[in-house]
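Subject: Structure handover

Hello,

Here is the structure I said I would pass on. Please look it over first; my notes on what was found follow below.

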Amino acid sequence: MTTLTVRTERQSQLVDITRLVRDAVAGASGSAVLVYVPHTTAGVTINEHADPMVARDFEMALERIVPEDWRWQHVEEGEENAPTHVRAALMGPSVVVPLRDDGSLALGTWQGIFFCEFDGPRERSVHVSVLA
Ligand code: ZN
């Protein structure tokens with residue numbers, strides 16, 4: 001397993017980690033790669049990365065779908081981040097990408113892998129494992 005470090009700069013921020021994942025699995029042989037986010041207020045998803053505005057739209061949409069002003073019950077002193085847990089759960093904690101016979105990621109033409117921050121800015125970890 002390889003652990004990547006991702007630094008985020010905003011509360012909600014999708015970060016394209018496709019190149020980082022590609023470099024982490026370069027030369028490995030296996031059937032697929034598992035990308036796993038070990039956090040409760042961040043996730044990972046696969047979507048279009050040709051136009052970076054798609055990521056901005058995700059950030060805006062998730063803030064709108066899961067707003068700040070509900071009567072949230074998870075209210076910790078100095079860390080009122082209840083909606084960020086739900087936004088992270090909507091994206092999920094992992095994705096699996098098949099590997100081609102030459103070891104390359106079998107992503108579609110327009111697809112990229114995005115780390116999804118919802119409680120930034122922070123330094124985050126992403127685990128990358130090549131599956132047998
Ligand atoms: Zn919390």
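**What was found**

Val 44 stands opposite Phe 115 in S6. Strands here, like helices, are DSSP runs numbered from the N terminus (E, at least two residues, for strands; H or I, at least four, for helices). Strands count as paired if DSSP finds at least two bridges between them.

Before going on, a note on the source: this is a predicted model, in which local features need pLDDT of at least 70 and side-chain atom pairs count only at pLDDT 80 or more, while totals for chains, interfaces and linings use all residues. Residues are numbered from 1 along each chain as its sequence is written, and side-chain values use heavy atoms, leaving out hydrogens and water.

**The chain as a whole**

The chain has three helices and seven strands, and along the sequence they follow the pattern β-β-α-β-β-α-α-β-β-β. Its radius of gyration is 15 Å, close to the 14 Å that the globule rule gives for 132 residues, so the chain is as compact as a globular protein of that length. That radius is taken over C-alpha atoms, and the rule is 2.2 Å times the number of residues to the power 0.38. The C-alpha trace spans about 50 × 30 × 20 Å along its principal axes.

Of the 132 residues, 41% are buried. Buried means under 20% relative accessible area, exposed means over 50%, and partly exposed lies in between (1.4 Å probe, protein chains only). Among contacts (heavy atoms within 4.5 Å) between residues at least 6 apart in sequence, 81% join residues at least 24 apart.

**The two sheets**

S4 and S6 pair in the antiparallel sense over seven bridges. They belong to an open sheet of three strands, ordered S2-S6-S4, with antiparallel pairing. Strand S2 (13–16) and S4 are at its edges with a single partner strand each, so one side of each has no neighbour in the sheet. From one strand to the next, the twist averages 35 degrees. Helix H2 (residues 53–65) packs on this sheet, where it touches S2, S4 and S6, and its direction makes about 150 degrees with that of S2. For such angles, axes are lines fitted to C-alpha atoms, for helices over the stretch in contact, and values run from 0 to 180 degrees between N-to-C directions.

The other open sheet has four strands in the order S1-S7-S3-S5, and its pairing is antiparallel. Here S1 and S5 are the edge strands, each with a single partner, so one side of each is left without a neighbour in the sheet. S3 and S5 pair over five bridges in the antiparallel sense; in S5, Pro 98 is the bridge partner of Ala 32.

**The cores**

A nonpolar core is a set of buried Ala, Val, Leu, Ile, Met, Phe, Trp, Tyr and Cys residues joined through side-chain atoms within 4.5 Å. The largest has 20 residues, and those touching the most other members are Ile 17, Val 21, Val 33, Leu 105, Ile 113, Phe 115 and Val 126. A second, separate core of eight residues includes Leu 14, Ala 88, Cys 116 and Phe 118. Beyond its neighbours within four places in sequence, Ile 17 is in contact with Val 6, Val 35, Ile 113, Phe 114, Phe 115 and Val 126.

Glu 9 is in the loop between S1 and S2 and counts as exposed, at 62% relative accessibility. Its C-alpha atom is separated by 9.1 Å from that of Glu 123, 114 residues apart along the chain.

Regards
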